[in-house]
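Me: I would like to go through this model with you. Could we begin with the overall fold and then turn to the packing?

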Amino acid sequence: MSENKDKYTETEIAYSEIYEWQQDLLGQVMRVLFIIAVPALALGIYYVASDGNFVFAPLYIALFLILVVVRFWKRVSYSVQVGTLLVLIYGLAILAVTRAGLGSNVRLFLLAMPFVAAIFLGKRAGLIALTVSMLTMLLFAGLFSTGQMMVAEDVQVMSHKAGAWLSYTLNLLLASMLV
């Protein structure tokens, strides 16, 4: 009987250590995201404003403000922090695909979602996030391929714009830091 109790205690200790590691990692991720998000927000607003596409600026600001609240409000629970992180990633994916279609960083953000969900919430959450990512890609594939959504011609070819490269590089940094 004592042996089973010791094993159960060891299992509890292991889960407790994993949870503590997840909380520490989440805190570090949120700190780094905030640091990267400040210049990314400024550049993102400049970039959409220079294209005359002001509708995206308030959305970028809203996502940033959500990050600020969750990052600095100490009473926010672990699950709310992780959920917010996933919503921010998904929001950036939707903004990216809406603005630039397949030429955007949507794939990076949708790739980051299942990894973040699996690391912080477990395998089941990772599989759910993967399903959401795939369904999102299928939805937008249908919308773009049937002509219900279109990408502006000036956004389709952006390789000659230094701002685009810088913006995509920061987005890649954000997504790869999460993966």
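**Fold and helix packing**

Reply: The protein has 7 helices and 0 strands. The model is a predicted one. From the N terminus on, its elements run α-α-α-α-α-α-α.

Me: How much of the protein counts as buried?

Reply: Of its 179 residues, 37% count as buried.

Me: And what share of the contacts with a separation of 6 or more comes from residues 24 or more positions apart?

Reply: Such residues account for 68% of those contacts.

Me: On to helix pairs. At what angle do H2 and H3 pack?

Reply: Helix H2, residues 56–72, and helix H3, residues 78–100, pack at about 165°, and their axes are 10 Å apart. Angles over 145 degrees count as roughly antiparallel, so H2 and H3 are roughly antiparallel to each other. Their crossing is left-handed.

Me: Which residues make that contact?

Reply: H2 contributes Phe56, Leu59, Tyr60, Leu63, Ile66, Leu67 and Val70, while H3 contributes Gln81, Thr84, Leu88, Gly91, Leu92, Leu95, Thr98 and Arg99. By class, the contact of H2 with H3 has 10 nonpolar, 4 polar and 1 charged residues.

Me: What about H3 and H5, are they roughly parallel or antiparallel?

Reply: H3 and H5 pack at an angle of about 15°, with axes 12 Å apart. That makes H3 roughly parallel to H5. The crossing of H3 and H5 is right-handed.

Me: Which residues meet there?

Reply: On the H3 side they are Tyr90, Ile94, Val97 and Thr98, and these meet Val132, Thr136, Phe140 and Phe144 in H5. The contact of H3 with H5 comprises 6 nonpolar, 2 polar and no charged residues.

Me: Changing topic: how many residues are in the largest nonpolar core?

Reply: The largest nonpolar core has 42 residues, and those with the most contacts inside it are Leu26, Leu85, Ile89 and Phe120. The elements giving two or more residues to this core are helix H1 (2–50), H2, H3, helix H4 (106–121), helix H5 (123–145) and helix H7 (162–178).

Me: Which helix gives the largest share?

Reply: H1 does, with 10 residues. In soluble globular proteins, nonpolar side chains tend to be buried together.

Me: How far is its C-alpha atom from that of valine 68?

Reply: The C-alpha atoms of leucine 33 and valine 68 are separated by 9.8 Å, and the two residues are 35 residues apart along the chain.

Conventions
Residues are numbered from 1 along each chain as its sequence is written. This is a predicted model: local features need pLDDT of at least 70, side-chain atom pairs count only at pLDDT 80 or more; totals for chains, interfaces and linings use all residues. Side-chain values use heavy atoms; hydrogens and water are left out. Axes are lines fitted to C-alpha atoms, for helices over the stretch in contact, and angles run from 0 to 180 degrees between N-to-C directions. Helices (H or I, at least four residues) and strands (E, at least two) are DSSP runs, numbered from the N terminus. Angles under 35 degrees count as roughly parallel, over 145 as roughly antiparallel, 65 to 115 as roughly perpendicular and the rest as oblique. A crossing is left-handed if the near helix is turned anticlockwise from the far one by less than a right angle, and right-handed if clockwise. Contact means heavy atoms within 4.5 Å. Ala, Val, Leu, Ile, Met, Phe, Trp, Tyr, Cys and Pro count as nonpolar, Asp, Glu, Lys and Arg as charged, and the others, Gly among them, as polar. A nonpolar core is a set of buried Ala, Val, Leu, Ile, Met, Phe, Trp, Tyr and Cys residues joined through side-chain atoms within 4.5 Å. Buried means under 20% relative accessible area, exposed over 50%, partly exposed in between (1.4 Å probe, protein chains only).
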